[in-house]
Amino acid sequence: MRRFRNLLLLILIALTTDTSACSIVYFIDSKTGKIYFVNNEDYWYDVKPYIQIIPGLKGELGRIWYGWNNFGQGGVNEKGLVIDGATTPQQNVPAGYSAIKGNMTDYILAKCSTVDEALHYLEDKRIALKNAHIILGDQKGKAVIVEWVDEVKHIIPIQNNRLAATNFNISDNTGAKTCWRYPIIEKVLDELDARNAKDTITIKDVGNVIGKTVQPPQKDSYGRLGGTIYSTFIDLTDMKFILVYKFDNSKMQRIDIVKELHTGTSRKIKLE
C-alpha cells in the first residue's frame with residue numbers, strides 16, 4: 001500500500017470551481033485486464049461526509065458506501081459492483097418514473113451483484129433522476145451510464161476499455177460536451193493506453209486521471225466554501241478501496257474490501 005502514499009501529488013489544480021461537479025472513471029487496463037473505478041466528489045465543504053461499512057446479512061450483500069446525510073453518493077459491494085453519480089442539467093423523466101425515496105446507493109449495493117442486476121432493479125422500481133446520471137460497473141468488465149433525457153431512459157455502455165461521466169448528458173444531442181473535465185479525462189486515458197506494454201499501470205496512475213480535474217477549495221459570492229471533498233480509488237480486481245479527504249494524505253482511508261466486510265462489524269468512519 002506504500003505506493004498510494006502520494007496518490008494526489010500529481011494533481012493539476014483547476015482554474016475554476018464548480019461545487020456540484022464530479023468526475024467518475026471506470027477503466028480496464030487493456031494489457032492486464034485489471035479494473036479500476038475512481039471519482040472526485042465536488043460539493044460544499046460544510047457537509048459532514050463519512051464512509052459507511054455494512055457487512056452482508058439477512059439476504060443483503062456487504063457494501064461500503066461514502067456520502068453524507070444518510071445517503072451514499074457512491075460505493076462498492078462484496079461482489080465488485082460499483083456505483084456513483086454526477087449532476088446533469090434538469091430533465092423531464094418518463095411518465096410513471098421518479099427518484100426513489102431513501103438511500104438508492106445502499107439499496108442497489110445491498111441487492112445487486114452485477115450491472116445487469118442493477119439495471120433490472122432500476123427498471124423494476126421505476127427509478128429515474130431529473131438532474132443526475134448514474135454510472136455502474138462490475139468486476140466482470142461491464143459498465144454503463146444511465147441517464148434520462150427528454151423523458152427517455154438512455155443506457156450508454158462502456159466503449160473499448162473505459163467509461164467516464166462528468167456533468168452533461170452524453171445522450172443529449174442538443175448540446176455540445178461543454179464540461180471541461182471530459183476531454184481532459186479522455187486525453188489522459190488515451191495516454192495510459194499508449195504506454196509501453198512493459199510499463200505497469202497502477203491505481204495511482206488511474207487516480208491521477210481525475211487528479212487533473214479536481215476542484216480546489218474556493219468561496220462563492222456568499223462566502224460558502226466548496227470544492228473536491230474527497231477522491232475515491234477502487235481497485236476492483238484486488239478489491240482495495242482508498243479515499244483521500246480534502247487533498248490531505250494524512251487523512252487517507254485504506255480498506256481491504258473483502259477483509260473488512262468479512263469482519264461482520266458495521267461501522268462508520270467519519271472523515272472530519
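## A first look at leucine 109 and its surroundings

Leaving out neighbours within four places in sequence, leucine 109 touches Leu61, Arg63, Ile64, Trp65, Gly75, Val76, Asn77, Leu81 and Ile83, where contact means heavy atoms within 4.5 Å. This is a predicted model, in which local features need pLDDT of at least 70, side-chain atom pairs count only at pLDDT 80 or more, and totals for chains, interfaces and linings use all residues. Residues are numbered from 1 along each chain as its sequence is written, and side-chain values use heavy atoms, with hydrogens and water left out.

**The chain as a whole**

- The chain's secondary structure comes to five helices and 15 strands; helices (H or I, at least four residues) and strands (E, at least two) are DSSP runs, numbered from the N terminus.
- A compact globule of 272 residues would have a radius of gyration near 19 Å, and the 18 Å of this chain agrees with that. The radius is taken over C-alpha atoms, and the globule rule is 2.2 Å times the number of residues to the power 0.38.
- Along the principal axes, the C-alpha atoms fill a box of roughly 50 × 45 × 45 Å.
- Of the 272 residues, 54% count as buried; buried means under 20% relative accessible area, exposed means over 50%, and partly exposed lies in between (1.4 Å probe, protein chains only).
- Among contacts between residues at least 6 apart in sequence, 64% join residues at least 24 apart.

- Leucine 109 lies in helix H1, and its relative accessibility of 0% makes it buried.
- H1 is mostly covered, with six of its eight residues buried: Met104, Thr105, Asp106, Ile108, Leu109 and Ala110.
- The cover over the buried residues of H1 includes E3, strand E4 (63-68), strand E5 (71-77), strand E6 (82-87), H2 and E7.
- Leucine 109 and arginine 195 are 86 residues apart along the chain, and their C-alpha atoms are separated by 34 Å.

**Helix H2 and what follows**

- In helix H2 (residues 115-124), the buried residues include Val115, Ala118, Leu119, Tyr121 and Leu122. These cover an arc of only 155° around the axis, so they sit on the same side of H2; the arc is that of the directions from the helix axis to the C-beta atoms.
- On the other side of H2, His120 and Asp124 are exposed.
- Covering the buried residues of H2 are, among others, helix H1 (104-111), strand E7 (132-137), strand E8 (143-149) and strand E9 (152-157).
- Just after H2, arginine 126 takes a positive phi of about 55°. Arginine 126 belongs to the loop between H2 and E7 and is partly exposed, at 37% relative accessibility.

**Another positive phi**

- Glutamate 151 is not a glycine, yet its phi is positive, at about 65°.
- The loop between E8 and E9 holds glutamate 151, which is partly exposed with a relative accessible area of 46%.

**Buried residues in strands**

- Isoleucine 51 is in strand E3 (residues 50-54) and is buried, with a relative accessible area of 0%.
- Beyond four places in sequence, the contacts of isoleucine 51 include Ile64, Trp65, Tyr66, Phe241, Leu243 and Ile269.
- Threonine 232, in strand E12 (residues 225-235), is buried with a relative accessible area of 0%.
- Not counting residues up to four places away, threonine 232 touches Phe37, Val38, Asn39, Tyr66, Ile210, Phe241, Ile242 and Leu243.

**A loop residue, aspartate 220**

- Aspartate 220 sits in the loop between strand E11 (218-219) and E12, and it is partly exposed at 29% relative accessibility.
- The C-alpha atoms of aspartate 220 and tryptophan 44 are separated by 10.0 Å, although these residues are 176 apart along the chain.
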